[in-house]
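Biologist: Please take me through this chain in short steps. Start with a term I will need.

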Amino acid sequence: MTKQNKAFKFRLLPNKEQAVLLAKTFGSVRFVYNKMLGERKETYEKFKDDKETLKKQKFPTPAKYKGEFPFLKEVDSLALANAQINLQTAYQNFFEGNAEFPTFKNRKAKQSYTTNLVNGNIELKDGHIKLPKLKLVKIKQHREIPENYKLKSCTISRTNSGKYYVSVLTEYEKDIQPKKIETVVGLDFAMAELYVSSENEKANYPRYYRVMSEKLAKEQRILSKRKKGSARWNKQRLVVTKLHEKVANQRMNFLHHKSKELASTFDAVVIEDLNMKGMCQALRFGKSVHDNGWGMFTTFLGYKLKEQGKQLVKIDKWFPSTKKCSCCGAEKTMKLSERTYRCSCGYVAERDYNSAINIKNEGIRLLALA
Ligand SMILES: [Zn+2]
């Protein structure tokens, strides 16, 4: 039996009083996060030349601020504890060289917090969810959570347009037999199309999504011309915010759809373990890499394969997928602008398609070793 996780997301409909407490909680989580980060930053500056001493320094905890800032006692303490865990993870990623130093959260940061199930403090019943400090909050429960799924934690969030959601994380046991691998596909990350596969399939975003994204860009341009803080600016900002949420939802649905399709068609999917940060710097793609949703897509793909006993194979980011000829194995340098791979052996293929085949073959090699 393997443990599996599944999240269920519902609309949350707090009353006025609950909305006030939610706002306080979002604020307190951000406050504590920034406080701890500030302290950690100081410690880091002080000991950064002595890694061993630095490692031994205790991480600040939310509890120490409660005396000085009593409003922290009003909110869910588990939410504050999770802020600490999040910061520790972010810091650890930095320490291991995988990310930048964590940054302070400003008022525009995503409003959310996570709380955990402890002694029945969270419960779903009759269209309501019981949450620490909030008591019963109304939800739109469009689907039941199966009885054998154990509640683990809840993440409560508020979108910029003022909608509340609760994402309920559950755990369940499933008997998963490893699937014999017969069909393998390689995916090459592509900016515009999300990916090109070794079957030469381009995962083009659907037309309605592209239309909506263009509309969003247009509305954003209008917003940038309005006087900040004016009534017309505020009105336009709401238009942009709503469109933004719509586009994000469409993208997420598309990524779910594509990952499901791949996970049901193939026994193993091979991807490059892309270091997004490195890629941003190297290719100067800037913001659009993050907008592309590759990270979200590979997460979906990973668990959709896993729950069927299938595999997501990540190959080393230094593997020369672009340089290699997928026909004869020769290597050559490829300029970013070169869209076609031409080898002296006579092989000609689209750049991304050639890479996808190389990725697939490398994945097959790794699977054979395992
Ligand atoms: Zn060749």
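Modeller: Helices (H or I, at least four residues) and strands (E, at least two) are DSSP runs, numbered from the N terminus. The model is predicted: local features need pLDDT of at least 70, side-chain atom pairs count only at pLDDT 80 or more, and totals for chains, interfaces and linings use all residues. Residues are numbered from 1 along each chain as its sequence is written, and side-chain values use heavy atoms, without hydrogens and water.

Biologist: How many helices and strands are in the chain?

Modeller: The C-alpha atoms fill a box of roughly 75 × 60 × 55 Å, taken along the principal axes. Within the chain, the count is 9 helices and 13 strands.

Biologist: What percentage of the residues in the chain is buried?

Modeller: Buried means under 20% relative accessible area, exposed over 50%, and partly exposed in between (1.4 Å probe, protein chains only). The chain has 370 residues, and the buried share is 39%.

Biologist: How far does helix H8 reach from its first C-alpha to its last?

Modeller: H8 covers residues 294–306, which is 13 residues. The expected span is 1.5 Å times one less than the number of residues. For H8 that expectation is 18 Å, and the reach is close to it, at 18 Å.

Biologist: Are the buried residues of H8 on the same side or on opposite sides?

Modeller: The buried residues are Trp294, Phe297, Thr298, Phe300, Leu301, Lys304 and Leu305.

Biologist: Which residues does Ile156 touch?

Modeller: Contact means heavy atoms within 4.5 Å. Leaving out residues up to four places away in sequence, Ile156 touches Leu12, Leu22, Phe26, Gln111, Ser112, Tyr113, Thr115, Leu131, Tyr165 and Val166.

Biologist: Is Ser355 buried or exposed?

Modeller: Ser355 is found in helix H9. H9 spans residues 351–369 and reaches 28 Å, close to the expected 27 Å. Ser355 touches Asp188, Ser321 and Thr322, not counting residues up to four places away in sequence. Its relative accessibility is 1%, so Ser355 counts as buried.

Biologist: How many disulfides does the count come to?

Modeller: A disulfide is a pair of cysteine sulfur atoms within 2.5 Å. Cys325 is buried, at 2% relative accessible area, whereas Cys345 is partly exposed, at 40%. The disulfide count comes to 0.

Biologist: What percentage of the contacts with a separation of 6 or more joins residues 24 or more positions apart?

Modeller: Positions here are places along the chain. For residues 24 or more positions apart, the share of those contacts is 68%.
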